[in-house]
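Student: I would like to learn how to read a protein structure feature by feature. Could we go through one together, with the general idea before each case?

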Amino acid sequence: MSKETSASLNDKVESFILKNRTAILAVIVAAVVAGGIACAVVGTTDAANKKGLAVLDAAEYAFTNKSDSLSDAEIAARQEKALEACAKFTSKKGILGVRSNMLAADIAFGKKDYAQALENYLAAVNAGKKYYTASINLFNAAVCAEETGDMESAANYYEQAAEDKDFYLAPHSLFNAARVRDEAGKAEEAAAIYKKVTEKFPNDDWANAAQSRIIDLQSKGKIE
């Protein structure tokens, strides 16, 4: 394959990633909604859970309701009030821990406090490892780890998220695990994961992007 063809393929892959960049960050917002859905799935027969969830629902509503036209100061005030409500439950296990940490993480992410958002997303994972929100939170943790410059952790979180066969962003997440290693100059490791993307998700657009990256790495002599 010529260098010109390889460069063209690489340009297409970069364009594809940029077009889907919003999907990476949109999941951060969707995570809070997913937490709400999880409440219905898990069930809340315990009175303490019901009371705690009512507190979180009220905090989330107060935080998001008619927020489009707020000033920075008003947004900051709402953030602090919501975080106060979350703080009562972030150390708990189960749905309260999941919901409170997801909301706290979303607020931290909005403030660009990626280290705090990362901490809360991981806490949400640990609070509900069997909930379907775990893979969403791992994905979000990976995004935050990238933002903080911890690329090794980011790649690991992306891979862990992709292990959930029901996670709708599994192909994307696995590709990101390869991309992070690729950008770190770990061509062989990246290629192995790119190959996994093509094998596990052969009909997905991310598999096409992964195959293009493999071809590019081969053309540059970085892998055989």
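Tutor: Helices here (H or I, at least four residues) and strands (E, at least two) are DSSP runs, numbered from the N terminus. Please keep in mind that this is a predicted model, in which local features need pLDDT of at least 70 and side-chain atom pairs count only at pLDDT 80 or more, while totals for chains, interfaces and linings use all residues. Residues are numbered from 1 along each chain as its sequence is written, and side-chain values use heavy atoms, with hydrogens and water left out.

Student: How many helices and strands does the protein chain have?

Tutor: The protein chain has 11 helices and 0 strands, and read along the sequence its pattern is α-α-α-α-α-α-α-α-α-α-α.

Student: What span should helix 7 have, and what is the distance between its end C-alpha atoms?

Tutor: The expected span of a helix is 1.5 Å times one less than its number of residues. Helix 7 (residues 133–148) has 16 residues and should therefore span 22 Å, and its end C-alpha atoms are 22 Å apart, which agrees.

Student: Which residues have the most contacts inside the largest nonpolar core?

Tutor: A nonpolar core is a set of buried Ala, Val, Leu, Ile, Met, Phe, Trp, Tyr and Cys residues joined through side-chain atoms within 4.5 Å. The largest one has 44 residues, and those with the most contacts inside it are Phe139, Tyr157, Tyr158, Phe167, Phe175, Tyr194 and Val197. Two or more residues each come from helix 5, helix 6 (114–127), helix 7, helix 8 (151–162), helix 9, helix 10 and helix 11. Helix 7 gives the largest share of this core, 8 residues. There is also a second, separate core of 11 residues, which includes Phe63, Cys86, Leu96 and Ala104.

Student: How many aromatic pairs does the structure hold, and how should I read one?

Tutor: A pair of aromatic rings is described by the distance of the centres and the angle of the planes. Rings of Phe, Tyr and Trp (its six-membered ring) pair if their centres lie within 6.5 Å, and planes under 30 degrees apart count as stacked, over 60 as edge-to-face and the rest as tilted. The structure holds 6 aromatic pairs. In one of them, the rings of phenylalanine 167 and tyrosine 168 have centres 5.6 Å apart and planes at 75 degrees, so this pair is edge-to-face. Phenylalanine 167 is buried at 5% relative accessible area, whereas tyrosine 168 counts as exposed at 56%. Another pair, phenylalanine 175 with tyrosine 194, is tilted, with 5.4 Å from centre to centre and 50 degrees between the planes. This pair links distant parts of the chain, since phenylalanine 175 lies in helix 9 (residues 170–183) and tyrosine 194 in helix 10 (residues 187–200), 19 residues apart. Phenylalanine 175 is buried with a relative accessible area of 0%, and tyrosine 194 is buried at 1%. Ring pairs also link Phe139, Tyr158, Phe167 and Tyr168 into a cluster.

Student: How many salt bridges does a search of the whole structure find?

Tutor: A salt bridge is a side-chain nitrogen of Lys or Arg within 4 Å of a carboxyl oxygen of Asp or Glu, and the search finds 13 of them. One of these joins the side chains of arginine 99 and glutamate 60, at 3.1 Å from N to O. Arginine 99 lies in helix 5 (residues 94–110) and glutamate 60 in helix 3 (residues 47–64), so the pair ties together parts that are 39 residues apart in sequence. Both arginine 99 and glutamate 60 are buried.

Student: Where do aspartate 216 and arginine 213 lie?

Tutor: An α-helix has 3.6 residues a turn, so residues three or four places apart point the same way. Aspartate 216 and arginine 213 both lie in helix 11 (residues 205–219), 3 residues apart, about one turn of the helix. They form a salt bridge whose closest N and O atoms are 2.7 Å apart.

Technical notes: Buried means under 20% relative accessible area, exposed over 50%, partly exposed in between (1.4 Å probe, protein chains only).
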